Amino acid sequence: MTVRKNQASLTAAEKRAFVDAVLELKRTGRYDSFVTTHNAFIMSDTDNGDRVGHRSPSFLPWHRRFLIQFEQALQEIDPAVALPYWDWTVDRTVASSLWAPDFLGGTGRARDGQVAEGPFAVSGGRWPVTVTVDGRGFLRRALGSGVAQLPTRAEVESVLAMPTYDTAPWNSASDGFRNHLEGWRGVNLHNRVHVWVGGQMATGASPNDPVFWLHHAFIDRLWAQWQARHPRSTYLPAARTRNVVGLDDVMRPWNDVTPADMLDHTRHYTYDTTA
Amino acid sequence: MSRITRRHALGAAAATALTSLALAGLARTAGATSARRATGHQPPEGHAGHDGPQPFSETFQGRRIEGAPSHADGHHGGYAVRIDGEELHVMRNADSTWVSVINHYETFTTPRAVARAAVIELQGARLVPLA
């Protein structure tokens, strides 16, 4: 069974195995197909039209399925690898071991934002950025530049306390847990972390930065924690709703999986700790 | 990949011609919008409509940024933004704020603000169409 661990508790060998599997996925070209898929959904999900991956109730089950697919691709390379998660309420500075050269590498240099050390530095020759909107072929970051502070645990708690999963109009204007977690309203959790990292993470092609998976693994874990706190709450809308994925509707691009199929993560993986 | 390669192969003259075409396109769509307004036509759901932002054109940090209402397919929010003639994918949120593909997790009050933020983020790099 796959166990997703806090990135801060990974051993040196676990970090190396994760990085090596990601680099191998990149070499074969499969990694970039995940970037392309994500950007296609970012650009087509609109508040008043069809919306599946973002700004809609299915933001959470869509990314859960997307991460499972990515994790399975890594496990085809190394069956021992699981996606780690980044608890940015705790590891909230550039000094975190997450950004060390033996894991994801640090922030970008001042001149051009280029990440110049670690396994994903372009100089290593193994991380060309090709699915991009601006032709710059190197990984960029500006940690803490776009916004000064990552969300705090108290801010996370205030969102976990919301009992209703989502509300009409089921988009970026909604009240409820999903939209506050996504960050279009309120204290802003998920969106703010993308902005804090900067570089490609702030763009539609955000999976170009491997931290994308660690960020979304933590968002996914917060969904599981919300479920544990609100056992009588569930995914909404339950009924078929225009432009939106209801509980039993299939999600693009897979077309064979519904939000209902994604509610119980323990069928696919567990977390190292429950709370 | 092939698109980028092809674009890089295009000469400067071709790039200039593309920019001119893009500008003509902007002017056409802006004109069409004026006609719609004159007849009181209601724009389709999800488009900027009568309360949409006005066109703009300026040089910001050495880049030409332009915006104008558009009703062509793919212009979410019914508004097109260009940087040095290349389209910047923008989207209008339900609360009337804006995002672009360059700053997709941060909202801006106007298309001009989203264009300026993209210029800063690009640090001189060209926009390349992705989709």
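Predicted model: local features only at pLDDT ≥ 70, side-chain atom pairs only at ≥ 80, totals over all residues.

Q: Why are H2(A) and H3(A) called roughly antiparallel?
A: The axes of helix H2 (residues 30-44) of chain A and helix H3 (residues 59-77) of chain A cross at roughly 170° and come within 11 Å. Angles over 145 degrees count as roughly antiparallel, so H2(A) and H3(A) fall under that label.

Q: Which residues make the contact of H2(A) with H3(A)?
A: H2(A) contributes A:Arg30, A:Tyr31, A:Phe34, A:Thr37, A:His38 and A:Phe41. From H3(A) come A:Trp62, A:His63, A:Phe66, A:Gln69, A:Phe70, A:Ala73 and A:Glu76. Sorted by class, this contact has 7 nonpolar, 4 polar and 2 charged residues.

Q: What makes A:Arg30 and A:Glu76 a salt bridge?
A: Their side chains meet at 3.0 Å, N to O. The cut-off is a Lys or Arg side-chain nitrogen within 4 Å of a carboxyl oxygen of Asp or Glu, so the pair of A:Arg30 and A:Glu76 qualifies. A:Arg30 lies in helix H2 of chain A and A:Glu76 in helix H3 of chain A, 46 residues apart, and the pair links distant parts of the chain. By this rule the count over all chains is 23 salt bridges.

Q: Why are H1(A) and H3(A) called roughly perpendicular?
A: Helix H1 (residues 12-28) of chain A packs on H3(A) at an angle of about 100°, and the axes are 9 Å apart. The range 65 to 115 degrees counts as roughly perpendicular, and the two helices are therefore given that label.

Q: Which residues of H1(A) and H3(A) meet, and how do they divide by class?
A: On H1(A) they are A:Phe18, A:Ala21, A:Val22, A:Glu24 and A:Leu25, and on H3(A) they are A:Phe70, A:Ala73, A:Leu74 and A:Ile77. They divide into 8 nonpolar, no polar and 1 charged.

Q: How many residues of chain A and chain B are in contact, and what area do the chains bury?
A: On chain A 37 residues are in contact with 27 residues of chain B. The two chains bury about 2500 Å² between them, with 58% of it on carbon and sulfur atoms.

Q: How do you know that B:Glu121 and A:Arg140 meet in a salt bridge?
A: The N to O value for their side chains is 2.8 Å. A salt bridge requires such atoms within 4 Å, so the pair of B:Glu121 and A:Arg140 passes. The count between chain A and chain B is 1 salt bridge. There are also 11 residue pairs in polar contact between these chains, both at pLDDT 80 or more.

Q: Which helix gives the most to the side of chain A that touches chain B?
A: H2(A) gives the most, with 5 residues. By class, that side of chain A has 10 nonpolar, 18 polar and 9 charged residues.

Q: What is the phi of B:Asp84, and where is B:Asp84 found?
A: B:Asp84 is not a glycine, yet its phi is positive, about 50°. B:Asp84 lies in the loop between strand E3 (79-83) and strand E4 (86-88) of chain B. Most residues other than glycine have a negative phi.

Notes
Residues numbered from 1 in each chain as written. Chains lettered and ligands numbered in written order. Heavy atoms only, no water. Axes fitted to C-alpha atoms, helices over the stretch in contact; angles between N-to-C directions. Helix = DSSP H or I, 4+ residues; strand = E, 2+ residues; numbered from the N terminus. Parallel < 35°, antiparallel > 145°, perpendicular 65-115°, else oblique. Contact = heavy atoms within 4.5 Å. Nonpolar A, V, L, I, M, F, W, Y, C, P; charged D, E, K, R; others polar. Buried area = accessible area lost by both parts, 1.4 Å probe. Polar contact = N/O pair within 3.5 Å; in protein donor to acceptor, adjacent residues only side chain to side chain.
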